[in-house]
Amino acid sequence: MYIKDVEIKNFRNINQIEIKPENGINIIYGENGQGKTNIIEAVWLFTGCKSFRTSKDKELIKFGENMSQLDIEFCDSIRENKAQIQIEKRRNAALNGVELSSPRELIGKFYSIVFSPGHLSLVKEGPLNRRRFIDTAISQIENIYAKKLAYYNHLVNQKNALLKNASEDSSLITTFDIWDEKLAQAAAEIIKYRIEYIKKIEPCVSDIYEGISDKREKLKIKYASNIRYESENIADIEDNCYKALLANRANDLYIKSTSCGPHRDDMEIFINGISARKFGSQGQQRSASLALKLAEADIIKEEKNEKPVILLDDVMSELDLGRQNFILHKMSDKQVFITCCEKETVQRLEKGKVYKIENGQVID
């Protein structure tokens, strides 16, 4: 999969630019705040996922404008495609001239992996980022997952609203059994998807990390659920989810929040059998984060027979030369966009295209 053309209008600080990238490495360089990441962000939105920088669509529109418009032409293994996203109060999308009911319908049509400085903290920081990594990765290979996750989150929000109001209206407690049945069923589906994805990606992550560490260290990952289940059968998981919700009901009423479920789960990462989050060095944590993102790309290729477009947003300067070269080697058969500030990165580029960005404009 590769992009032939991308056009961006009234997006962040960009008035209007058009880029016809190389089907290989493309470097976008310039000083901070000039619009490099905005280009990466615009391309990423065509995956159908939310921005990796904000959850508020209105923040994507250029100040003083009413609407942003993004257009790309891309080729998959079967055909050429044209996609468009318009952003007003919310995002609207179209694919090959057909309006989509939701931007989520782009999921599974355009594949991409984004790797930003925030992802380098994937191992070090809290479980929210690791859950987001798993959920975004699964969404790209399982089209229905994003809808199931949105439904589960909706149920959690509704249950939390009831928990907050129950102290004033005790009759609401009588509805909790029904809500917990729905929650348990939705939660079990999310947990099952995550377990299966970890099984798929774990060997790939391990192999890549071994390559980064020159076979000196071994990495393992494990899905860590706060729901105890005896087997990975979805009916058993659902039953245990319901039991956990019931057991925690009194505490949930006290804290006015749903304390158990996949929205509280994590992914554990071990290097040589030791927790990478608690005891790993900065270099080990960054290498583990890098391995996870590179493995994500490999899983898309394996599952969908499509090479995802790779978006590397200002991460090269955060990595040593060895890790930089490892990335470029692993991505040599894919279309890659790299943003950077340093001319040295540009000078090391043997082939590909280079774009300089100033004040949201491409400078020839």
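I count two strands as paired if DSSP finds at least two bridges between them. Helices (H or I, at least four residues) and strands (E, at least two) are DSSP runs, numbered from the N terminus.

I am working on a predicted model, where local features need pLDDT of at least 70, side-chain atom pairs count only at pLDDT 80 or more, and totals for chains, interfaces and linings use all residues. Residues are numbered from 1 along each chain as its sequence is written, and side-chain values use heavy atoms, with hydrogens and water left out.

Antiparallel sheet. I looked up L70 and found it opposite I85 in β5. Strands β4 (residues 68-75) and β5 (residues 80-87) are antiparallel and share eight bridges. They belong to an open sheet of six strands, ordered β2-β1-β4-β5-β6-β7. Its edge strands, β2 (14-19) and β7 (98-99), each pair on one side only.

Mixed sheet. I traced six strands in the order β8-β12-β13-β3-β14-β15, an open sheet with mixed pairing. At its edges I noted β8 (112-115) and β15 (361-363), each pairing on one side only. Inside this sheet, β3 (residues 25-29) runs parallel to β13 (residues 336-340), with five bridges between them. I found F337 in β13 as the bridge partner of N26.

Helix α8. I checked the length of α8 (residues 282-304): its 23 residues should span 33 Å at 1.5 Å a residue, and the end C-alpha atoms are 33 Å apart, which agrees. The expected span is 1.5 Å times one less than the number of residues. Of the 23 residues, 17 are buried, so α8 is largely enclosed by the rest of the structure. Buried means under 20% relative accessible area, exposed over 50%, partly exposed in between (1.4 Å probe, protein chains only). Just after α8, I noted a positive phi of about 55° at N305.
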